[in-house]
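Have the model open while you read.

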Amino acid sequence: MLIRIVRMTFQPEKVDEFLDIFDRSKHKIRAMPGCRHLELLSDYDHPNVFITNSHWDDVTALNNYRNSELFKETWTKTKVLFSEKPLAFSSRKIGTV
């Protein structure tokens, strides 16, 4: 399984616009083949910082999503709302305590 974490910092006045975009696309993203989990987190101290945590079967499933029209449409609308460059990480779970 591949775990994808993306940290995004938005212009404060654009947060509601991002939340609307996410709300309209979240079920479509979750329905993508190979997507096993999707959640949106907000930074505790910075209300304009959000993190997506998504779990994919493998890198092929993630790349299929990243090459999809859904991603292109969603990312085009989202990236213009940033105040900083997003940070993205792909990882795998080692263990749980």
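Q: What is the bridge partner of R4 in β4?
A: That would be S90. Keep in mind that this whole model is predicted.

Q: What makes β1 and β4 count as paired strands?
A: Pairing takes at least two bridges between the strands. β1 (residues 2–9) and β4 are joined by five bridges, so they pass that cut-off and count as paired. The two run antiparallel.

Q: In what order do the strands of the sheet come?
A: The order is β2-β3-β1-β4, four strands in an open sheet with antiparallel pairing.

Q: Why is one side of β2 and of β4 left without a neighbour in the sheet?
A: β2 (35–42) and β4 (87–91) stand at the edges and each has a single partner strand, so there is no neighbour in the sheet on one side of each. From one strand to the next, the twist averages 15 degrees.

Q: Which strands does α2 touch where it packs on the sheet?
A: α2 touches β1, β3 (49–56) and β4, and its direction makes about 40 degrees with that of β1.

Q: Why is the contact between R24 and D20 called a salt bridge?
A: The cut-off is a side-chain nitrogen of Lys or Arg within 4 Å of a carboxyl oxygen of Asp or Glu. For the side chains of R24 and D20, the N to O distance is 2.9 Å, so the pair qualifies. R24 and D20 both sit in helix α1, four residues apart, which is about one turn of the helix. In an α-helix there are 3.6 residues a turn, so residues three or four places apart point the same way.

Q: Why is R24 called partly exposed?
A: Buried means under 20% relative accessible area and exposed means over 50%. R24 has 46%, so it lands in between and is partly exposed. D20, with 39%, is partly exposed too.

Q: Which residues of α3 are buried, and why do they line one face of the helix?
A: In α3 (residues 69–79), the buried ones are L70, F71, T74 and T78. Looking down the axis of α3, they fall within an arc of 90 degrees, so they line one face. What covers them includes α1 (15–30) and α2 (59–66).

Notes:
Residues numbered from 1 in each chain as written. Predicted model: local features only at pLDDT ≥ 70, side-chain atom pairs only at ≥ 80, totals over all residues. Heavy atoms only, no water. Buried < 20%, exposed > 50% of the residue type's maximum accessible area, 1.4 Å probe, protein only. Arc of directions from axis to C-beta. Contact = heavy atoms within 4.5 Å. Axes fitted to C-alpha atoms, helices over the stretch in contact; angles between N-to-C directions.
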